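Here are some notes for a first look at this model. Please keep the structure open while reading.

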Amino acid sequence: MYIPLWPGKPYPLGSHWDGKGTNFALFSENATAVELCLFDENGKETCVSLTEVSNFVWHGYVPSIGPGQRYGFRVHGPYKPGEGHRFNPNKLLIDPYAKALDGDIQGGIETLGYIAEHEAQDFSYSEEDDAHLVPKSVVINESFDWEDDQLLRTPFHETIIYEAHVKGFTKLHPDIPKQLRGTYAGVGHPASISYLQSIGITAIELMPVHHYLACPGYLVDKGLKNYWGYDSINYFAPYSGYSASGTLGEQVAEFKQMVKALHAGGIEVILDVVYNHTGEGNHMGPTLSFKGIDNAAYYRLVDEEPRYYMDFTGCGNSLNVRHPQVLKLIMDSLRYWVLEMHVDGFRFDLASALARELYAVDRLAAFFDIIHQDPVLSDVKLIAEPWDIGEGGYQVGEFPLLWSEWNGKYRDNARNFWRGEDQTLAEFAYRLTGSSDLYQFNGRRPNASINFITAHDGFTLNDLVSYNYKHNEANGENNQDGDQHNSSWNCGEEGPTDNPDVLKLRNRQRRNFLTTLMLSQGVPMLLGGDEIGRSQQGNNNPYCQDNEISWLDWNLQEENSSLLDFSRQLIYFRRQHPVFRRRKWFQGRAIYGSGVTDIGWFNPDGAVMTEEQWNMGFAKAIGVFLNGEAIITPGERGERIIDDSFYILFNAHYEPLDFFLPEPMANREWQVVIDTTYSRFIKDDIRYTEDKAITVTERSLMVLKRL
C-alpha cells in the first residue's frame with residue numbers, strides 16, 4: 001500500500017484532521033527514527049517513516065486520511081536501559097496525544113521490551129511484535145454541536161460534589177436501557193440526572209476516564225481487572241470501555257453529549273486525573289507508549305541508576321514534570337478537556353508528586369506556576385489530593401492559591417470524634433469551621449477545604465460504621481492490601497447483623513456523619529451511594545472489583561429510603577442556609593472565647609468554653625452558635641445576606657447529656673429542626689427556652705433554629 005507523505009507541521013501534536021487529510025506529530029528528543037503505522041479495517045499494517053523533524057517533533061501529513069483511521073508509532077533509538085533508553089521498534093506505541101483508542105490493551109509478554117525469561121531480564125531485547133495486543137490510536141472528527149453549552153462556574157461555596165464511577169454508577173440502574181448502563185451515555189441519561197438533581201448535587205466528580213491499562217497481567221491471572229482506572233496510558237482519549245456507541249472515535253462525541261446533558265441539568269463535571277504516573281509501571285513493566293517514545297524524557301529516573309524509576313506513587317514510575325515537554329503534555333491535556341470537552345474542573349490524584357522539582361515537594365514548582373498563569377485553567381475548579389507516598393509527601397494545607405484540597409485531616413478527625421476518641425474536640429472545631437488552621441495563613445478561604453468522610457479509597461459510609469477491620473479477601477492478596485488504619489467502628493458487632501440495638505446505633509452514626517459533613521464550612525463531597533447505604537462488604541480497596549462489590553445497587557433506594565430522604569433534606573437544608581457555607585472565615589480571632597459575634601462555643605451547661613476546657617482530652621460534647629445576622633460577605637448583587645441563627649449540640653459521649661441554652665441566647669425560643677436520633681427531619685414543633693434542659697442522646701447531634 002502506497003502512502004503519500006507530505007512534510008506536515010510540528011503542531012499540533014498528535015493527529016489532526018483538517019477536512020482534507022491528517023497531520024501527525026510526535027515528540028521524541030532521543031529517537032533516531034519514527035515510523036507512522038496505519039492499519040486498515042482488516043488490521044493490515046503499513047508503515048512510513050516520518051523524516052521531518054522540528055524541535056524534536058517528528059511530523060508528516062497524509063492526504064485523504066480522515067476520521068476513523070487507526071494508527072500507531074514505531075520509534076527507533078538506543079536500547080540501553082542502563083542509560084535510561086528503552087527504544088524498541090518491535091513495539092507498537094500509542095500516540096500520547098491520541099483523542100481516541102480503539103479498545104483495551106491486552107496483556108501478553110509481547111508488550112515487554114525485554115525477553116521475560118532471559119536471565120538479564122530488562123537488559124535483554126525483545127524482537128516480538130505486539131501490534132495485535134495494543135489498541136490503535138484513532139483519528140477523530142472533533143466537531144460537535146455544543147449549542148449554547150458553557151462551563152457552569154458554580155461558586156465553590158455553593159458546590160456539593162458527588163464522587164462516582166462512570167460504570168459503577170449506572171451499571172445496575174433499572175431505569176436506564178441495558179445497552180447504556182455503565183457508559184457515558186448512562187451517566188448522561190435523564191434517569192441519572194434527575195436522581196442527582198433530586199438529592200441536590202451540583203457537581204459529579206468522575207473517577208478516571210482517561211484511557212487506562214484495564215487488564216494488567218497480575219490481575220488477569222486472578223480473574224480480576226483494573227476497575228478504578230488509576231493507571232492512565234493516554235491523557236486525551238476517554239476510555240473506550242465506557243462507550244455505548246463504539247470505539248472508532250464515537251466515544252468522544254458520547255462523552256461530550258454526557259457533559260452537555262449534565263450541564264443542562266445544572267450539574268458540573270469534575271474529572272479525577274492521574275498525571276503523577278502511568279500504567280507502564282517500573283523497569284519490568286510493558287512498553288506501550290511513553291516508555292518506547294522517549295523513556296528518559298517522560299519519566300523520573302534514578303540519577304545514579306537510570307535503569308530504575310523514581311516512584312513517589314507506589315505504582316512503579318513517576319512522570320518527569322521537570323521536563324518542558326511533560327509539562328506541556330499535562331497542560332495541553334488539561335486545556336483540551338476544558339476547551340474541547342467542556343469539563344468544569346479536575347481532582348489531581350497524588351498531586352504532591354507533581355510538585356517535586358527535585359525530591360522535596362515545592363509549593364513554587366513550575367507546575368503550579370504554569371497553571372496559575374494560564375487563562376483557561378486558572379478559572380476552573382482545581383482540587384488536589386495533597387499527598388503521595390514519598391518522603392514529605394503529606395501536604396494537606398500546603399497547596400497554593402487557586403487550589404482546593406481533599407482535606408484528609410477533616411476525614412480523620414470526624415471519624416475519630418464520632419467514635420469517641422479522646423483529644424479530638426479542639427481539632428473538630430477547626431474542621432467544622434473550614435480548617436482555618438490549614439488554609440487561612442496563605443490567603444485561601446474555607447472553600448480550600450474539600451470536606452469528606454468517605455471516598456472511593458477506603459470504606460463506604462455504611463462499612464465505616466459496620467466494620468472494625470478491612471475484609472479484602474476478594475482481591476486475592478490475602479487481605480494484605482488496603483489501608484490498615486480506617487478509624488472505623490462497627491458499633492458492637494463486625495459486619496452484617498440482626499441486632500436491633502447495633503443497627504439503631506449504626507443508623508444514627510451514619511446520620512451524624514452526613515449531618516456533620518453538610519453543616520461544615522468548606523465544600524462537602526459525598527461518596528456515591530452513601531446516601532442509600534451502599535456496602536462493599538468491608539472491602540476498603542476494591543480497585544479490582546468490577547462487579548456488585550463496587551457497583552451501586554439501586555434497590556437500596558427502597559431498602560434505605562429513610563436514609564435517602566434524610567440525605568436529601570439535609571442537602572436541601574444546607575443549600576437554603578448560607579450560614580453553613582460562608583465565603584470567608586469567622587472573625588479571624590481564636591475560634592473560642594467570648595466577644596465573637598458570628599460564632600460562639602459553649603459547654604453543655606451553657607457557659608463559654610475556656611482554654612482549659614478545650615484542652616481536656618476527654619471532652620466530647622459542645623454547643624456551637626452560628627449567627628445568621630453576622631455574615632459579612634454580600635450576595636452576588638451586593639445585597640446583605642441575612643440567615644437564620646442556629647445552635648448545634650454535639651454529643652459524641654457514650655451517654656445522654658443535658659445541654660442548656662447560653663444566657664445571652666436564652667431570651668428567645670429555639671426550635672428543633674434536626675435530631676440525628678431520628679431517621680427524619682423533625683416535623684413536630686419542639687421548642688426550648690432558658691428554663692428547660694435539652695437532652696441530647698448519646699452519640700447524636702441536634703440542630704436548633706432561633707425563632
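1. Start with helix α9, residues 408-418, in this predicted model. Nine of its 11 residues are buried, so the rest of the structure largely encloses the helix. The buried residues are Gly408, Tyr410, Arg411, Asn413, Ala414, Arg415, Asn416, Phe417 and Trp418. Note that Arg411 and Arg415 are on that list.

2. Now check the two ends of α9. At its start, a side-chain oxygen of Asn407 comes to within 3.1 Å of the backbone nitrogen of Lys409. Just after the helix, Gly420 has a positive phi of about 85°.

3. Turn to a helix pair. Two packed helices are described by the angle between their axes and the distance between the axes. Helix α7 (residues 324-339) packs with helix α8 (residues 366-373) at about 35°. Their axes lie 11 Å apart. The crossing is right-handed.

4. Which residues make the contact of α7 and α8? From α7 come Leu327, Ile330, Met331 and Leu334. From α8 come Ala366, Phe367, Ile370 and Ile371. The residues of this contact divide into eight nonpolar, no polar and no charged.

5. Last, look at Thr497, in the loop between α12 (461-464) and α13 (500-519). Is Thr497 buried or exposed? Its relative accessible area is 14%. Buried means under 20%, so Thr497 counts as buried.

6. The surroundings of Thr497 can be listed too. Its side chain is joined to that of Glu493 by a polar contact of 2.6 Å. Leaving out residues up to four places away in sequence, Thr497 touches Val502, Leu503 and Arg506.

Technical notes: Residues are numbered from 1 along each chain as its sequence is written. This is a predicted model: local features need pLDDT of at least 70, side-chain atom pairs count only at pLDDT 80 or more; totals for chains, interfaces and linings use all residues. Side-chain values use heavy atoms; hydrogens and water are left out. Buried means under 20% relative accessible area, exposed over 50%, partly exposed in between (1.4 Å probe, protein chains only). Helices (H or I, at least four residues) and strands (E, at least two) are DSSP runs, numbered from the N terminus. A polar contact is a pair of N or O atoms within 3.5 Å; within protein, one must be able to donate a hydrogen and the other to accept it, and residues adjacent in sequence count only if both atoms are side-chain atoms. Axes are lines fitted to C-alpha atoms, for helices over the stretch in contact, and angles run from 0 to 180 degrees between N-to-C directions. A crossing is left-handed if the near helix is turned anticlockwise from the far one by less than a right angle, and right-handed if clockwise. Contact means heavy atoms within 4.5 Å. Ala, Val, Leu, Ile, Met, Phe, Trp, Tyr, Cys and Pro count as nonpolar, Asp, Glu, Lys and Arg as charged, and the others, Gly among them, as polar.
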